[in-house]
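These are my notebook entries on one protein model. I set down what I looked up, entry by entry.

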Amino acid sequence: LLPRVRANSIASSAGEGTAVSDGGGSEEGEPATIKIVAAGRMRALQMPPVFEKVIELSGKAQPRIVYIGTASFDRTDKFNLCTKAFRELECEIERLDVSESNTV
């Protein structure tokens, strides 16, 4: 996973992170809080209450999303299904694959 981790981000044991000068805070260099929404079910992120909560938690009209599709073994069809609403909103989405290619 190390190649996917931003060098300017850290995660603390308190569940908050610091992103320096990456636009995560409201001002340049202001700390950003990492927020995680874990959603089961294939279409959970498409459900209006879940989708709207992600937008609300981000505080932005177009949040940056990191998608980890471990339950679906990083399948592209599942990624496309789960991120459809965010892609339609033109959110920045990073896909973090964690399955080994020979196990998919």
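**Entry 1: Ser72.** I began with Ser72, which I located in the loop between β3 (64-67) and α2 (76-88). I take helices as DSSP runs of H or I with at least four residues and strands as runs of E with at least two, numbered from the N terminus. I found Ser72 to be buried, with a relative accessible area of 10%. For this term I use under 20% relative accessible area as buried, over 50% as exposed and anything in between as partly exposed, with a 1.4 Å probe and protein chains only. Leaving out residues up to four places away in sequence, I noted that Ser72 touches Tyr67 and Lys78; contact means heavy atoms within 4.5 Å.

**Entry 2: basis of the values.** I note that the model is predicted, so that local features need pLDDT of at least 70 and side-chain atom pairs count only at pLDDT 80 or more, while totals for chains, interfaces and linings use all residues. Residues are numbered from 1 along each chain as its sequence is written, and side-chain values use heavy atoms, with hydrogens and water left out.

**Entry 3: overall layout.** I counted 2 helices and 4 strands in the protein. Along the sequence I read the pattern β-β-α-β-α-β. Of the 104 residues, 22% count as buried. Among contacts between residues at least 6 apart in sequence, 48% join residues at least 24 apart.

**Entry 4: Thr83.** I next looked up Thr83 in helix α2. Is Thr83 buried or exposed? Thr83 is buried, its relative accessible area being 1%. Its side chain reaches the backbone oxygen of Phe79 at 2.6 Å. Beyond residues up to four places away in sequence, Thr83 touches Gln46, Tyr67 and Ile93.

**Entry 5: Phe51.** I placed Phe51 in helix α1 (residues 48-58). With residues up to four places away in sequence not counted, Phe51 touches Leu45, Ala85, Phe86 and Leu89. I also recorded that Phe51 and Val37 are 14 residues apart in sequence and, C-alpha to C-alpha, 9.8 Å apart in space.

**Entry 6: salt bridges.** How many salt bridges does the structure hold? I found 4, taking a salt bridge as a side-chain nitrogen of Lys or Arg within 4 Å of a carboxyl oxygen of Asp or Glu. One of them joins the side chains of Arg75 and Asp77 at 2.6 Å, N to O. Arg75 is partly exposed at 38% relative accessible area, and Asp77 is partly exposed at 40%. In another, Lys84 pairs with Glu88, the closest N and O atoms being 4.0 Å apart. Both Lys84 and Glu88 lie in helix α2, 4 residues apart, about one turn of the helix. Lys84 counts as partly exposed at 42%, whereas Glu88 is exposed at 58%. The side chains of Arg95 and Asp97 also meet in a salt bridge, at 2.9 Å, N to O. Asp97 is partly exposed, with 34% relative accessibility.

**Entry 7: surface.** I recorded an accessible surface of about 7400 Å², of which 54% belongs to carbon and sulfur atoms; areas come from the Shrake-Rupley method with a 1.4 Å probe, and for residues only the protein chains shown count as cover. Ile68, in the loop between β3 and α2, is partly exposed at 47% relative accessible area.

Definitions and conventions
Polar contact = N/O pair within 3.5 Å; in protein donor to acceptor, adjacent residues only side chain to side chain.
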